[in-house]
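Open the model in your viewer and follow the stops below. Each one gives a selection and what to find there.

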Amino acid sequence: MWEAKMEPNIISCNAGISACEKGYQWQQALSLLNEMCEARLVPDVILSCSAGISACEKGKQWFWALSLFSEMREAKLHQDDISCSSVITTFEKRGQWHWVLSLLSEVREAKLETNVICFRAGISACEQGRR
C-alpha cells in the first residue's frame with residue numbers, strides 16, 4: 001500500500017497482521033504494528049495486538065510476545081483473554097514455567113480476563129518444570 005501511495009487504515013493493517021499471524025510471519029506482523037504506530041493509527045486489542053502476540057507465539061518468539069504484551073499495558077490498551085492466553089502459552093511452550101506463573105499472578109492482580117487456556121498453560125508449564 002505504501003508503494004502504491006495508498007493510505008493504509010486500521011482495517012487494512014489488521015488484515016495484514018492477521019494474515020502474517022496465520023502464515024507464521026511474526027517479523028512482518030511486528031513490522032506492520034510498528035508501521036501502524038508510525039502512521040498514527042491506533043491498534044486495537046483483538047485484531048492488532050492479540051494477532052501480533054499470536055504471531056510471536058506461533059514463531060516461538062517469547063521475548064517479542066512479552067514485549068508486545070507489556071507495550072499494550074504501557075499504552076493503556078485493555079489486555080483481553082486472547083492476548084493473555086497467547087503470551088502465557090508462548091512461555092508454556094518454551095518451558096518457561098516461572099514466567100507463566102509470574103504472568104498468571106500479574107493477570108490476576110490486574111483483574112484481567114482469563115480463560116481456560118491460560119490455566120491449562122500454567123498447569124502444563126508447572127508439569128514441565130517438575131521434569
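Start with the whole chain. With 131 residues, a compact globule would have a radius of gyration near 14 Å, and the protein chain agrees at 15 Å (taken over C-alpha atoms; the globule rule is 2.2 Å times the number of residues to the power 0.38). This is a predicted model, where local features need pLDDT of at least 70, side-chain atom pairs count only at pLDDT 80 or more, and totals for chains, interfaces and linings use all residues. Residues are numbered from 1 along each chain as its sequence is written, and side-chain values use heavy atoms, leaving out hydrogens and water.

Colour by secondary structure. The protein chain has 7 helices and 0 strands (DSSP runs, H or I of at least four residues for helices, E of at least two for strands, numbered from the N terminus).

Next, select I53, V87, I88 and L103. These have the most contacts inside the largest nonpolar core, which has 31 residues (buried Ala, Val, Leu, Ile, Met, Phe, Trp, Tyr and Cys joined through side-chain atoms within 4.5 Å; buried means under 20% relative accessible area with a 1.4 Å probe, protein chains only). Helix 3 gives the most to this core, 6 residues.

Centre on V87. Leaving out residues up to four places away in sequence, V87 touches I53, A65, L66, F69 and L103 (contact: heavy atoms within 4.5 Å).

Finish with helix 3 and helix 5. Their contact includes I46 and I53 in helix 3, and I82 and V87 in helix 5.

Note on methods
Buried < 20%, exposed > 50% of the residue type's maximum accessible area, 1.4 Å probe, protein only.
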